[in-house]
Amino acid sequence: MVDSERIDKLIAAVPPALALRAGLDLDIFTRLGGGAATAASLGAALDVAPDRLSRLLYALASIGLLEVEDGQFRNGAEAAAFLDASEPTYRGGDHALLRELWGADLLTAESLRQNRPAALHDFSEAGPESAAAFSRLLAPGGVIFGRQLAQVLDLSAVGSVIDIGGGAGTILVGLREQRPQIAATLMELPTVAAVAPDILSEYGASDVVVEAGDITVAPSIGRHDLAILKAVVQVLPPEQARSSILNAARCLAPGGEIAIAGWGVVDDDRLGPPEGVFLNLTFLNLYRHGEAYTEGQYRAWMTEAGLVDISRSRLGDGTALFRGRLPG
Ligand SMILES: C[S@@+](CC[C@H](N)C(=O)[O-])C[C@H]1O[C@@H](n2cnc3c(N)ncnc32)[C@H](O)[C@@H]1O
């Protein structure tokens with residue numbers, strides 16, 4: 001017997017997520033920090049009308065992200081830990097990016113009807129301004145991902161790391177926080193390579209070597225102990241996805257490790273994980289050819305690249321991580 005409950009729940013899941021995003025956009029959780037505020041004082045601090053703001057505050061309280069008592073709002077435990085940007089455990093770094101992606105998601109039916117991406121994003125044809133804007137959107141999330149990676153990889157023997165298609169290169173910032181002695185290179189398409197140094201210097205990482213190149217055509221000019229390829233394979237058509245992995249492996253010194261990551265990965269049956277399955281729809285709206293490739297495709301390309309000890313794991317935020325090593 002089917003009933004409408006599940007459909008109602010699916011539909012109801014969206015508005016709380018949108019309220020959360022509005023809270024992040026307005027910096028509400030960071031403003032509140034460890035304290036409490038009324039809608040009036042928060043409204044004054046944010047320069048928004050308190051009576052209208054209070055609707056959002058009550059909505060956030062209704063899903064436990066805020067707590068309210070006698071008209072005073074404070075962060076709930078999860079918001080205090082993960083949505084306050086001053087905390088090292090902050091998970092909201094991607095919210096500006098999600099705003100773009102969710103905007104694109106609303107166009108899925110349109111993209112299918114028109115048989116073209118309704119919110120086309122073309123990395124190779126992007127002008128300097130849009131390359132800089134997109135790289136800035138990704139930059140905060142990059143630092144967080146770099147920290148996550150530093151926790152799961154053994155960096156003790158890594159003397160040199162390359163982030164291929166790393167946007168502004170901020171993954172290298174998070175990755176090297178505890179090991180600043182690791183030499184770092186960012187390899188990017190020329191338009192992004194041109195804007196990356198300015199963004200890197202804002203993150204105190206002017207020592208990162210920026211190399212302009214196209215990973216589908218040739219490897220880096222250097223050899224590195226660790227190569228990172230995050231959210232890059234998925235933006236490329238299959239033949240270029242394959243060559244990006246073959247060339248990334250050629251950036252490695254013998255014994256070096258590759259970390260291929262992204263939400264855009266699906267199981268071989270294409271039914272999971274949810275991050276990959278639904279990002280694959282977002283891709284319909286953004287890219288002519290990019291897609292969430294299957295685990296089997298990643299493994300086949302990595303094997304063809306001569307990599308061994310291939311593994312797939314899932315990081316805390318749902319990012320799929322493939323690791324492999326070049327024989328020593
Ligand atoms: C979705 S973004 C991911 C950026 C970064 N890795 C991250 O996860 O934040 C994809 C990046 O791949 C870069 N890219 C696309 N095609 C490339 C290619 N053929 N060679 C090098 N970089 C490429 C783009 O310029 C863009 O910065």
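## Ligand shell

The shell around the ligand holds eight nonpolar, five polar and three charged residues. In this classification Ala, Val, Leu, Ile, Met, Phe, Trp, Tyr, Cys and Pro count as nonpolar, Asp, Glu, Lys and Arg as charged, and the others, Gly among them, as polar. The ligand is surrounded by 16 residues, the closest being Leu 138, Gly 165, Gly 167, Lys 230 and Ala 231. A residue is near a molecule if its C-beta atom, placed from the backbone, lies within 6 Å of it.

This is a predicted model, in which local features need pLDDT of at least 70 and side-chain atom pairs count only at pLDDT 80 or more, while totals for chains, interfaces and linings use all residues. Residues are numbered from 1 along each chain as its sequence is written.

## Overall fold

The chain has 14 helices and 12 strands. Helices (H or I, at least four residues) and strands (E, at least two) are DSSP runs, numbered from the N terminus. The chain has a radius of gyration of 21 Å, close to the 20 Å given by the globule rule for 328 residues, so it is as compact as a globular protein of that length. The radius is taken over C-alpha atoms, and the rule is 2.2 Å times the number of residues to the power 0.38.

Along the principal axes, the C-alpha atoms of the chain fill a box of roughly 65 × 50 × 40 Å. Of the 328 residues in the chain, 38% are buried. A residue is buried if 20 or more other C-beta atoms lie within 10 Å of its own, exposed if 12 or fewer, and partly exposed in between, with C-beta atoms placed from the backbone. Among contacts in the chain with a separation of 6 or more, 67% are between residues 24 or more positions apart. Two residues are in contact if their C-beta atoms, placed from the backbone, lie within 7 Å.

## Packing of α7 and α13

Helix α7 (residues 95-105) packs against helix α13 (residues 274-286) at an angle of about 80°, and the axes are 8 Å apart. The two helices, α7 and α13, are therefore roughly perpendicular to each other. On the α7 side the contact is made by Leu 101, Ala 104 and Asp 105, and on the α13 side by Leu 281, Thr 282, Asn 285 and Leu 286. By class, the contact of α7 with α13 has four nonpolar, two polar and one charged residues.

Axes are lines fitted to C-alpha atoms, for helices over the stretch in contact, and angles run from 0 to 180 degrees between N-to-C directions. Angles under 35 degrees count as roughly parallel, over 145 as roughly antiparallel, 65 to 115 as roughly perpendicular and the rest as oblique.

## Backbone exceptions

Most residues other than glycine have a negative phi, and most peptide bonds are trans. The bond between Gly 272 and Pro 273 is cis, with omega about -10°. Pro 273 is placed in the loop between β9 (265-266) and α13.

Ala 231 has a positive phi, near 55°. The residue sits in the loop between β7 (224-230) and α12 (238-249). Ala 231 counts as buried, with 22 C-beta neighbours inside 10 Å. Asp 27 also has a positive phi, near 70°, and is found in the loop between α2 (14-25) and α3 (28-32). Asp 27 is partly exposed, with 15 other C-beta atoms within 10 Å.

## Individual residues

In helix α14 (residues 295-304) lies Met 302, which counts as buried with 22 C-beta neighbours inside 10 Å. Leaving aside neighbours within four places in sequence, Met 302 is in contact with Ile 245, Leu 307, Ile 310, Phe 322 and Gly 324. Glu 295 is also placed in helix α14; with 16 C-beta neighbours inside 10 Å, Glu 295 counts as partly exposed. Not counting residues up to four places away in sequence, Glu 295 touches Val 265, Asp 267, Asp 268 and Arg 312. Glu 295 and Arg 270 are 25 residues apart in sequence, and their C-alpha atoms are 9.4 Å apart in space.

Asp 70 and His 95 are also 25 residues apart in sequence, but 30 Å apart in space, C-alpha to C-alpha. Asp 70 lies in the loop between β2 (66-69) and β3 (72-75) and counts as exposed, with 6 C-beta neighbours inside 10 Å.
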